[in-house]
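Subject: Structure handover

Hello,

Here is the structure for you to open. My notes on what turned up in it follow below.

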Amino acid sequence: MYKLFENSGWLLIDKLSKLFPGIIIMALIGRHLGPEEFGIWNYALALTTIIGSVAILGMDKLAVKEIINNEQRQGTIVTTVILMRIGAGIICMAISVSIVLLSRQHQQIYLYCTIFSALIIILQSSDVLDYFYQAKNDVKRVIIPKVAVFITFCIVKLVIIFFKGTLMAFLWVSTIELLVTYVIIMAVFGYHNAVDFTLRIDWSLAKTLLAQSWPLMLSNLVVVLFMKIDLVLLDALSSAAELGKYVGAARISELWYAIPTVISVAILPSLIQKKKISRNAYLLTLEKWLRLSFWLSAAIAILVTSTAHLIIPFLYGKGYLAASWMLMIHIWAGIPVFLSIVIVQYLFVEGEYKIYLYGNLAGLMANVCINFFMIPAYGGIGAAIATVAAYATVYGMLLLLDKSGQGYLLTKKMFHPALALADIKQAHNSLRDFTSNLFSINQNIT
């Protein structure tokens with residue numbers, strides 16, 4: 001478990017250094033802009049995230065697997081995937097802007113927000129370099145520059161808030177931040193991998209990857225749809241101001257998703273290797289991971305529910321008071337989210353990509369149907385209820401469609417409190433070793 005913390009620890013440093021300061025900066029921006037403008041900006045982000053999910057091409061997991069299994073072709077794989085994602089990103093940007101031009105005529109603020117948000121789709125093509133370093137268990141090479149740039153631009157955004165900057169100022173700064181980040185990461189990658197890196201695209205490899213990734217591509221689209229469709233529906237069925245309040249609650253709830261996401265990214269190469277060596281050890285790792293995920297997510301839900309009425313006014317101000325009730329409900333979606341991430345990684349290693357797709361389709365249908373009934377009557381509270389129901393549906397379908405029954409067996413064992421305590425103790429010891437090692441490295445550097 002120590003190796004897991006060694007890799008996931010750096011990823012967690014990246015996520016937490018961004019999420020916790022990020023939620024404060026975003027709250028200050030939301031307080032500064034007000035619920036309506038904040039809602040419009042988040043509508044554009046939701047729309048471009050939904051469309052842009054196709055531009056990932058299902059490569060977020062497949063590229064890691066390909067790099068691990070074909071070490072001699074790593075440079076070619078990285079180049080091919082980057083160029084594929086750039087091309088897809090340009091198409092997705094054009095689609096996003098076209099949708100707003102047709103649906104939001106004479107509302108320039110929606111168009112500007114969408115154009116800037118859509119640029120992110122293209123710039124994020126460089127995320128492929130993250131896959132390379134994940135496979136190499138050397139993620140700190142990209143995390144250090146990312147965190148440094150993020151902190152710098154947090155200060156810039158605080159300055160803009162102090163001088164009462166407009167929404168356009170925040171749009172420009174957010175885009176420049178991403179551009180600077182990826183320019184630095186590309187330079188670092190080129191410096192350390194000059195021999196392996198090639199500018200040629202392997203068309204045969206591209207066809208092979210697309211043939212394997214289409215279920216993952218569709219699954220990513222479906223996942224993002226039911227994660228973001230509530231924002232689009234809130235804007236359409238309620239108001240931009242109600243959307244702004246809901247986003248304030250959802251951001252706090254969703255920041256906890258970084259924990260299972262980081263672990264899943266870090267553990268994937270290890271799971272693939274462990275399965276080759278011992279299936280029992282591989283299943284035991286999944287069992288412990290699922291059990292820890294359940295107890296941790298339940299504790300987070302209880303904590304946030306009991307303090308939501310304090311968190312929202314403190315971060316966002318009196319204009320967002322209604323978001324407290326939304327947060328109390330939305331936070332419980334974290335339990336099926338944490339659990340689903342574990343089962344999805346298991347299904348991916350087993351090659352059961354289609355189950356992931358079907359599970360998310362069921363969640364999407366539940367989300368849309370409930371939102372259509374709940375939003376007109378209850379606004380953001382209805383959207384929060386729909387979110388919890390959608391994630392619970394996904395997890396249930398993943399277990400139901402797994403013919404091996406392994407997911408169900410793992411789920412039965414996750415409630416055992418004695419085993420959970422043993423897992424927590426092991427995780428604590430591994431985390432302590434990682435932290436001690438990290439501090440010793442820092443001391444040696446200084």
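Asp235 forms a salt bridge with Arg104, and their closest N and O atoms are 2.2 Å apart. (A salt bridge here is a side-chain nitrogen of Lys or Arg within 4 Å of a carboxyl oxygen of Asp or Glu.) Please note that this is a predicted model: local features need pLDDT of at least 70, side-chain atom pairs count only at pLDDT 80 or more, and totals for chains, interfaces and linings use all residues. Residues are numbered from 1 along each chain as its sequence is written, and side-chain values use heavy atoms, with hydrogens and water left out.

Back to the pair. Asp235 sits in helix α9 (residues 203-237), while Arg104 is in the loop between α4 (74-103) and α5 (108-123), so the bridge ties together parts that are 131 residues apart in sequence. Helices (H or I, at least four residues) and strands (E, at least two) are DSSP runs, numbered from the N terminus. Asp235 and Arg104 are both buried. Buried means under 20% relative accessible area, exposed means over 50%, and partly exposed is in between (1.4 Å probe, protein chains only).

Arg104 also meets two rings. It lies over the face of Tyr43, at 5.1 Å from the ring centre. The charged end of Arg104 sits over the ring of Tyr110 too, 4.4 Å from its centre. The rule for a charge over a ring: NZ of Lys or CZ of Arg within 6 Å of the ring centre and within 35 degrees of the ring normal.

Other salt bridges

How many salt bridges does a search of the whole structure find? The search finds four. One of them joins Glu177 and Lys157, with the closest N and O atoms 3.1 Å apart. This pair links distant parts of the chain: Glu177 is in helix α8 and Lys157 in helix α7 (residues 140-162), 20 residues apart. Glu177 and Lys157 are buried.

Arg291 and Glu287 form another salt bridge, their closest N and O atoms being 3.0 Å apart. Both lie in helix α12, four residues apart, so about one helical turn separates them. Arg291 is buried, and so is Glu287.

Aromatic rings

The count of aromatic pairs is seven. Rings of Phe, Tyr and Trp (its six-membered ring) pair if their centres lie within 6.5 Å; planes under 30 degrees apart count as stacked, over 60 as edge-to-face and the rest as tilted. Phe38 and Tyr320 have ring centres 6.4 Å apart and planes at 80°, so this pair is edge-to-face. The pair links distant parts of the chain: Phe38 is in helix α2 (residues 35-52) and Tyr320 in the loop between α12 and α13, 282 residues apart. Tyr316 and Tyr320 have ring centres 5.0 Å apart and planes at 40°, so that pair is tilted. Phe38 and Tyr320 are both buried. Tyr316 counts as buried as well, at 1% relative accessibility.

Why is helix α13 (residues 323-330) largely enclosed by the rest of the structure? Because six of its eight residues are buried. These are Ala323, Ser324, Met326, Leu327, Met328 and His330. Their cover includes α10 (240-254), α12 (279-316), α14 (334-350) and α16 (380-401).

Thr114 is in helix α5. Its relative accessible area is 0%, so Thr114 is buried. Leaving aside neighbours within four places in sequence, Thr114 is in contact (heavy atoms within 4.5 Å) with Ala44, Leu47, Thr48, Ser96, Val97 and Val100.

The surface

Tyr112, Met168, Trp172, Ile176, Val180 and Ile184 make a nonpolar surface patch of about 510 Å². Patches are made of residues with over 30% relative accessible area and no salt bridge: like charges are joined within 9 Å, nonpolar side chains (Val, Leu, Ile, Met, Phe, Trp, Tyr) within 5 Å. Accessible areas come from the Shrake-Rupley method with a 1.4 Å probe; for residues, only the protein chains shown count as cover. Helix α8 (residues 167-192) gives the most to the patch, with five residues. Met168 lies in helix α8. Met168 counts as partly exposed, at 31% relative accessibility.

The whole chain

The protein chain has 18 helices and zero strands. Of its 446 residues, 54% count as buried. Its accessible surface comes to about 20,000 Å², and 69% of that belongs to carbon and sulfur atoms.

Best wishes
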